[in-house]
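Thanks for coming. I will walk through one structure this morning, starting from the loops and ending at a metal site. Please have the sequence and the 3D view open.

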Amino acid sequence: MLQRMRILGIETSCDETAVCLIEARGDHGADFSFRVLGNALLSQAAIHAEYGGVFPNLAKREHAKNLVPLLEKALEESGGLKPGDGRSAVPAGLASILAHEAELQEPLARFLETHAKPDIDCIAVTAGPGLEPALWVGINFARALASAWDVPVVGVNHMEGHIIISAVEDDHLSAFEFPALALLISGGHTELVLSREWMRYEIVGATRDDAAGEAFDKVARLLELPYPGGPEISRLAGEARTRGLVSRFKLPRPMLHEDNLDFSFAGLKTAVRRIVESESLSDDDKLALAREFEDSVADVLTQKTLTAIDTYGVQTVIVGGGVSANTHIRKTLAEALTNAGRVNLLVPSPELATDNALMIALAGYFHAIKKEFDDPAALRANGNLKLA
Ligand code: KG4
Ligand code: ZN
């Protein structure tokens with residue numbers, strides 16, 4: 001039995017700033033369990049909504065402003081926020097570690113001076129993929145804390161976090177059989193990832209242009225709905241279904257009948273743009289069009305997933321990423337998998353589908369128990385970090 005370990009997870013890859021402290025024990029399989037000790041998250045969505053999308057430098061500034069208060073909140077919640085013992089815990093190199101995050105220096109120095117080292121064994125931080133200016137804030141924050149508290153750091157792939165969080169069930173992970181297929185659908189990614197063994201990945205399909213979440217966000221903009229568009233489109237589409245509204249405009253099902261596992265959503269967005277630009281749409285037309293769009297995305301995601309299941313003899317399907325919060329997509333996939341026979345479907349609880357730090361802490365834990373730490377000085381933000 002592995003010793004229990006306390007991991008602090010930090011996530012700043014996009015427009016959520018999040019810090020989470022967990023305690024975990026065991027390895028993947030029967031003896032793994034964890035507890036969330038403290039969890040703090042601040043979404044910048046409302047700030048970015050004014051611009052209709054995420055602005056990397058604005059995200060960076062907001063992360064820098066929010067990290068210390070969120071750390072304090074997560075530690076407070078865990079009961080682990082203790083006053084300092086008078087010995088300064090501010091590392092000599094703090095200013096140089098935070099050279100590009102000047103606004104973090106003073107609040108972090110003050111925090112470290114006034115608080116004792118918490119009971120933490122390791123820091124896990126998102127290293128990519130994501131917006132590089134945003135990722136760097138989290139990474140440098142993690143490096144500063146690691147230096148102050150003398151704990152190791154592990155750089156986490158954000159998409160691996162989305163996969164692992166989808167398998168969470170209460171305080172453990174659902175046992176699942178390999179090969180497993182992850183359908184990752186977020187604001188930046190749309191990928192089919194095959195996993196023949198735990199934490200080993202092969203990308204077997206990907207989008208050739210826009211990601212699924214990006215398509216939701218762009219189509220929402222065309223329909224004059226606020227950012228982030230996914231939940232808004234989903235709300236309109238749901239209303240259309242309840243009221244039996246069917247769109248008089250049909251949308252394509254891109255790549256549906258092509259013999260590969262790739263996606264393309266740019267044409268779908270263009271088709272919506274043509275309709276919006278050439279027709280005068282009533283409110284009901286908009287509801288029905290949102291429904292038609294959501295149906296199209298759900299159909300394509302489901303069909304490609306079924307093809308991948310056949311191709312690779314998949315036993316478990318794991319859906320992850322922000323778009324996996326979508327009720328209609330979940331339902332369409334679940335129905336198709338039931339019809340397809342004995343394939344286990346794992347989806348995250350809706351509040352853990354979008355970005356959070358628990359998923360980073362969990363993924364970090366599974367690397368930490370294998371001692372897969374990173375040299376803090378060599379840790380880099382990689383906007384295009386790949387799973388394989
Ligand atoms: O995983 P995530 O929080 O951030 C990235 O890593 O990109 O995903 C955010 C994306 C956004 O595009 C958002 O519109 C979409 O997930 N999203 C949804 C829903 N909730 C969030 N898309 C469709 N339906 C939803 N209910
Ligand atoms: Zn994400």
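Predicted model: local features only at pLDDT ≥ 70, side-chain atom pairs only at ≥ 80, totals over all residues.

A word on terms before anything else: helices, meaning H or I runs of at least four residues, and strands, meaning E runs of at least two, are DSSP runs, numbered from the N terminus.

I begin at P228 for its peptide bond. The bond from Y227 to P228 is cis, with omega near -10°. Most peptide bonds are trans, and most residues other than glycine have a negative phi. P129 sits in the loop between β4 and α5 (132-149).

Next, phi. D150 is not a glycine, yet its phi is positive, about 55°. You will find D150 in the loop between α5 and β5. M255 also has a positive phi, near 70°, and is likewise a residue other than glycine. M255 belongs to the loop between α8 and α9 (266-278).

Are these two residues buried or exposed? The cut-offs are under 20% relative accessible area for buried and over 50% for exposed. D150 has 69% relative accessibility, so D150 counts as exposed. M255 has a relative accessible area of 13%, so M255 is buried.

Now the sheet. What is the order of the strands in the open sheet? There are 5 strands, in the order β3-β2-β1-β4-β5, and the pairing is mixed. The edges are β3 (33-43) and β5 (153-157), each of which pairs on one side only. From one strand to the next, the twist averages 20°.

Within this sheet, look at β1 (residues 5-11) and β4 (residues 122-128). They run parallel and are joined by 4 bridges. For G9, the bridge partner in β4 is A124.

Helices lie against the sheet as well. Helix α2 (residues 56-78) lies across β1, β2 (16-25) and β3, and runs at about 145° to β3. Helix α13 packs on the sheet too, touching β1, β2, β3, β4 and β5, and its direction makes about 130° with that of β1.

β11 has partners. Strand β8 (residues 180-185) runs parallel to β11, with 5 bridges joining them. Across that pairing, A182 stands opposite I318. β11 also pairs with β12 (residues 344-346), again in the parallel sense, over 3 bridges. There, T316 has N344 in β12 as its bridge partner.

Now the ligands. Ligand 1 is surrounded by 19 residues, and the closest are G187, D217, G322, N326 and D355. The side chain of D217 has an N or O atom 2.7 Å from an oxygen atom of ligand 1. G322 uses its backbone: an N or O atom there lies 2.9 Å from an oxygen atom of the ligand. For N326, an N or O atom in the side chain is 3.0 Å from a nitrogen atom of ligand 1.

Ligand 2 is a zinc ion. Which protein atoms are its donors? They are H158 (NE2), H162 (NE2) and D355 (OD), at 2.0 to 2.1 Å from the zinc ion. Along the chain, the donors follow the spacing H-x3-H-x192-D. H162 in helix α6 (residues 158-166) and D355 in the loop between α12 (350-353) and α13 (358-368) are 193 residues apart, and the pair links distant parts of the chain. Both H162 and D355 are buried.

That leaves H158, which lies in helix α6. Why does H158 count as buried? Its relative accessibility is 5%, so H158 falls in that class. A polar contact of 3.0 Å joins the side chains of H158 and H162. Leaving aside neighbours within four places in sequence, the contacts of H158 include E11, T126, G128, P129 and D355.

Methods
Residues numbered from 1 in each chain as written. Chains lettered and ligands numbered in written order. Heavy atoms only, no water. Donors = N, O, S within 2.8 Å, 3.2 Å for Na, K, Ca; no water. Buried < 20%, exposed > 50% of the residue type's maximum accessible area, 1.4 Å probe, protein only. Pairing = 2+ DSSP bridges. Axes fitted to C-alpha atoms, helices over the stretch in contact; angles between N-to-C directions. Contact = heavy atoms within 4.5 Å. Near = heavy atom within 4 Å. Polar contact = N/O pair within 3.5 Å; in protein donor to acceptor, adjacent residues only side chain to side chain.
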